[in-house]
Amino acid sequence: MKWKRKFKIKKIYLLPMWTRDKSKSWIKKTCGTGWLKLVDEVYDKLPNDLHINQAYQKWGLLMFDIDEDNQEFESFLEIIKIKSSETCEICGSQGKEVTIENWIHTRCIDHV
Ligand SMILES: [Zn+2]
């Protein structure tokens, strides 16, 4: 058991680890403030032995990379993805998929 723990600690150093603040400031910078609540939801549910390596917007959806397989948490991230597809990334109002200058975003009626 002890050996396993040591191995895990080593792994954490090898991968970039994004804290809640880092993820929130990146999403704020690249999307807006609309999804910050969803980022909080993810970090609130993040198990102690799991880490987030990256948070980003892709195809208008909020996505996270994690450092280990975890089916339960990955299904939760799917729910977050679906929630982000209905939430304006800029303001958090109800949104839908829109294409702006060839990029897919999720926006409300005021932000298209
Ligand atoms: Zn909006």
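The exposed residues Lys-37 and Asp-44 sit on the face of helix 3 that is turned away from its buried side. Here a residue is buried if 20 or more other C-beta atoms lie within 10 Å of its own, exposed if 12 or fewer, and partly exposed in between, with C-beta atoms placed from the backbone. Helices (H or I, at least four residues) and strands (E, at least two) are DSSP runs, numbered from the N terminus.

The model is predicted: local features need pLDDT of at least 70, side-chain atom pairs count only at pLDDT 80 or more, and totals for chains, interfaces and linings use all residues. Residues are numbered from 1 along each chain as its sequence is written.

**Exercise 1.** Determine how many helices and strands the chain has, and in which order the elements run.

*Solution.* 
1. The chain contains 4 helices and 4 strands.
2. Read from the N terminus, their order is α-α-α-β-β-α-β-β.
3. Of the 112 residues in the chain, 21% are buried.
4. Two residues are in contact if their C-beta atoms, placed from the backbone, lie within 7 Å. Among contacts with a separation of 6 or more, 43% join residues 24 or more positions apart.

**Exercise 2.** Identify the buried residues of helix 3 and what covers them.

*Solution.* 
1. Helix 3 spans residues 36–45, and its buried residues are Leu-38, Val-39 and Val-42.
2. These residues lie on the same side of helix 3, because they cover an arc of only 105° around the axis. The arc is that of the directions from the helix axis to the C-beta atoms.
3. Their cover includes helix 2 (20–30), strand 1 (52–58), strand 2 (61–66) and helix 4 (71–84).

**Exercise 3.** State which residues make up the largest nonpolar core and which element gives the most to this core.

*Solution.* 
1. A nonpolar core is a set of buried Ala, Val, Leu, Ile, Met, Phe, Trp, Tyr and Cys residues joined through C-beta atoms within 7 Å.
2. The largest such core has 12 residues: Trp-18, Ile-27, Cys-31, Trp-35, Leu-38, Val-39, Val-42, Ile-52, Ala-55, Leu-62, Phe-64 and Ile-80.
3. Helix 3, strand 1 and strand 2 are the elements that give two or more residues to this core.
4. Helix 3 gives the most, with 3 residues.
5. Leaving aside residues up to four places away in sequence, Trp-18 touches Ser-23, Ile-52, Asn-53, Gln-54 and Ala-55.

**Exercise 4.** Classify Ser-25 as buried, partly exposed or exposed.

*Solution.* 
1. Ser-25 belongs to helix 2.
2. Ser-25 has 15 C-beta neighbours inside 10 Å and therefore counts as partly exposed.
3. The C-alpha atom of Ser-25 is separated by 8.8 Å from that of Leu-36, 11 residues apart along the chain.

**Exercise 5.** Describe the pairing of strand 3 and strand 4, and the loop between them.

*Solution.* 
1. Two strands pair if DSSP finds at least two bridges between them. Strand 3 and strand 4 pair in the antiparallel sense over 5 bridges.
2. Ile-100 stands opposite Trp-103 in strand 4.
3. The hairpin has 2 residues between the strands. Glu-101 lies in the loop between strand 3 (96–100) and strand 4 (103–107), and Asn-102 is found in the loop between strand 3 and strand 4.
4. Most residues other than glycine have a negative phi. Glu-101, however, has a positive phi near 50°, and Asn-102 a positive phi near 70°.
5. Glu-101 is exposed, with 5 other C-beta atoms within 10 Å; Asn-102, with 5 C-beta neighbours inside 10 Å, also counts as exposed.
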